[in-house]
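Open the model in your viewer and keep the selection panel at hand.

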Amino acid sequence: MAKAPESDDLRSLLPSLPLSNFSLSSFSLSPSSLLGLGALASLTAYYLVTRPRPMRPPCDLQAQSVAVNGEPSCRRSALLEDDSLLEFYYQDTRTAYDMFQRGSGPCLGYRKPGQPYQWISYTEVAEQAQVLGSGLLAKGCQPNPNQFVGIFAQNRPEWIISELACYTYSMAVVPLYETLGLEAMVHILNLAEISLVICDREEKAASLLENKEKGVTPKLSCLVVFNDFSDAFLERAKNCGVEVLTLAQLMVSRMKPPQPQDLAVSLHNYASPRSLEKCPSGSFVIRQEDVSISYLPLAHMFERMIQVSMFCHGARVGFYQGDISLLMDDIKTLKPTFFPVVPRLLNRIYDKILGSVTSPLRRALLHYAVRRKQAELSSGVVRNNSLWDKLVFNRIQANLGGNLRFALTASAPISPTVLSFLRATLGCLIFEGYGQTECTAGCTFSMPGDWSAGHVGAPLPCAMVKVVDIPDMNYYAKNGEGEICIQGPSVFRGYLKDPERTAEALDSDGWLHSGDVGQWLPNGTLRIIDRKKHIFKLSQGEYIAPEKIENVYMRCVPVLQVFVHGDSLQSYLIGIVVPDPEVFVDWAKERGFVGSYEELCQNPDLKIAVLEDMKSVGKEAGLKSFEQVKDIYLHSETFSIANGLLTPTLKSRRADIRRVFQEQISNMYRKTAI
């Protein structure tokens, strides 16, 4: 209990009040005393009204998850009343079609260069989707979830309208992407038996037609193009038995379909082969992974599903012009309130902010302002109107439109330092999630009000999460550590037409084995600490999880991609590094190296500088000495699906990378001295 102030303390606190004039017996105050008390009362009232208030968390932040059946290694969300998991957020909203019907007002926005955004309303989008869906039925598509319709286009309003058209009549969408490569594209079209693909440009439709001409996609019979196409392309398509229509023509050829609400398939039973990957720009693009998924609005795929979920609340979705050089102009014009972003882009924002402050005085002021804002964060206060926001952070926030309220980061680990720094500088709520395609994107999510870093939050109400023993890596569930497993309605039913891989991912009790290693923290949140898959042992017996190390090294400014290699006959690691073309030349120039991107990749002295930067980041992240690479090879061509070094979900084809770089790997082991 606070001690009551003595008379001397009162005199020091209220020097303007002549206490000798204050009579306890008569309660009389002099005019100057009344004036002073009035001023003090006014200031106190102003402070109480305007003082920042901490966000009220939805649960006890020291107990964000609850043990299931008394087993600490298996936990569920503290937001639930019991062990029954949440299946539907709104009981009257059980399909993607239902979710869209809840929205109203402006829906989809687009703009031409130098012009303001134009908006299409929810009513207009729904009407166009219904007409387009009936056109799909007229072309032989069946209204059931086993009917797959391909969409081969960039993000734009027509993409969403086409997707909603499929949802309206219970068809499943298969997004296609031009970097998939010929082999992957053919595999997807044949596996899902796709007969109709919607494209944005003639060039993309032509690439699909080429596969048809080769006889490798026999099911393909109809191509729909957003824009006009040439007579030569139309004639070419006719010659191989493929009908070609514009989107407008397809909508004209509609038939009267059954009522959409009677056909819309339950999200819980929706099968669709899709997964989400991220573009380096921070935009999101869905890619194919042959996955049959049970959808849930609470934990949707991180871009299309975020969009569909936001439609449930009447959100407006604005699309960029498609030119990366105009991206920042689009953001400033759109003034977004929500920003789904990959960690790599957040790392770039962090590096850009620090790199723009060269004066020692300004740098000191920046770090002091960050510490003051972080002190507010630790007490639960998140705001963008403090003195420090107005003096230091206003330009940073203005670059993202100045209206940002929420941001979501996922897909890869993010440094706690970067996350805490950006929470302070951007003055908005930044949440971190964890999950994978097979559990419909998310299984854990940071709790509102908990602005600590270094964990991925507590289980979502739709999932139970447990850790299981990994004896080979010395992780045991009794210690709160082990492989992360997920169970619940958001977990997929299996890989499309691949029972063998399904059995590897799902055990007999329906638990999805993630391959990630997690640790339960005392407050009930989950921390990702390691990776089980692709582990190997060095000659001295130390186990290595290369993907964990790669995720650390990708925080380095000059590094775009990295492949960590080890051998059971060797005692150390080496790496193949692809520098980031967007920043590598400038990064090298700051260190006295000048040349083209390709020339710099061959510079041995610059290679040493990159290696030292990687080791520094690795040490800061807590990598052990045997987990640090001892040598690297700089490669100037990015790993991609086209060159066979990435899977369709942008994961490294480790065996193929080892094969391609076998000569460089052998040279590094031969030359490197320990």
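Select Phe 152 first: Cys 199 in E7 stands opposite Phe 152. Keep in mind that this is a predicted model.

Now widen the selection to the two strands. Take residues 148-152 for E5 and residues 196-199 for E7. The two run parallel, and 3 bridges join them.

Next, show the whole sheet. It is open, has 5 strands and pairs them in parallel. Read across it in the order E6-E5-E7-E8-E9. Which strands stand at the edges? They are E6 (172-176) and E9 (243-246). Each has a single partner strand, so one side of each lacks a neighbour in the sheet. From one strand to the next, the twist averages 25°.

The largest nonpolar core has 72 residues. Select Val 197, Leu 208, Leu 223, Phe 584, Met 614 and Phe 639, which touch the most other members. Colour by domain here: domain 1 (96-107 + 115-251) and domain 3 (536-672) each supply at least three residues to this core.

Zoom in on Phe 639. Leaving aside neighbours within four places in sequence, Phe 639 contacts Gln 561, Phe 563, Ile 576, Val 578, Leu 645, Leu 646, Ile 657 and Phe 661.

Last stop: a second, separate core of 37 residues. Among its members are Ile 120, Leu 132, Val 149 and Leu 245.

Definitions and conventions:
Residues numbered from 1 in each chain as written. Predicted model: local features only at pLDDT ≥ 70, side-chain atom pairs only at ≥ 80, totals over all residues. Heavy atoms only, no water. Pairing = 2+ DSSP bridges. Helix = DSSP H or I, 4+ residues; strand = E, 2+ residues; numbered from the N terminus. Axes fitted to C-alpha atoms, helices over the stretch in contact; angles between N-to-C directions. Core = buried A, V, L, I, M, F, W, Y, C linked by side-chain atoms within 4.5 Å. Buried < 20%, exposed > 50% of the residue type's maximum accessible area, 1.4 Å probe, protein only. Domains from an automatic or database assignment. Contact = heavy atoms within 4.5 Å.
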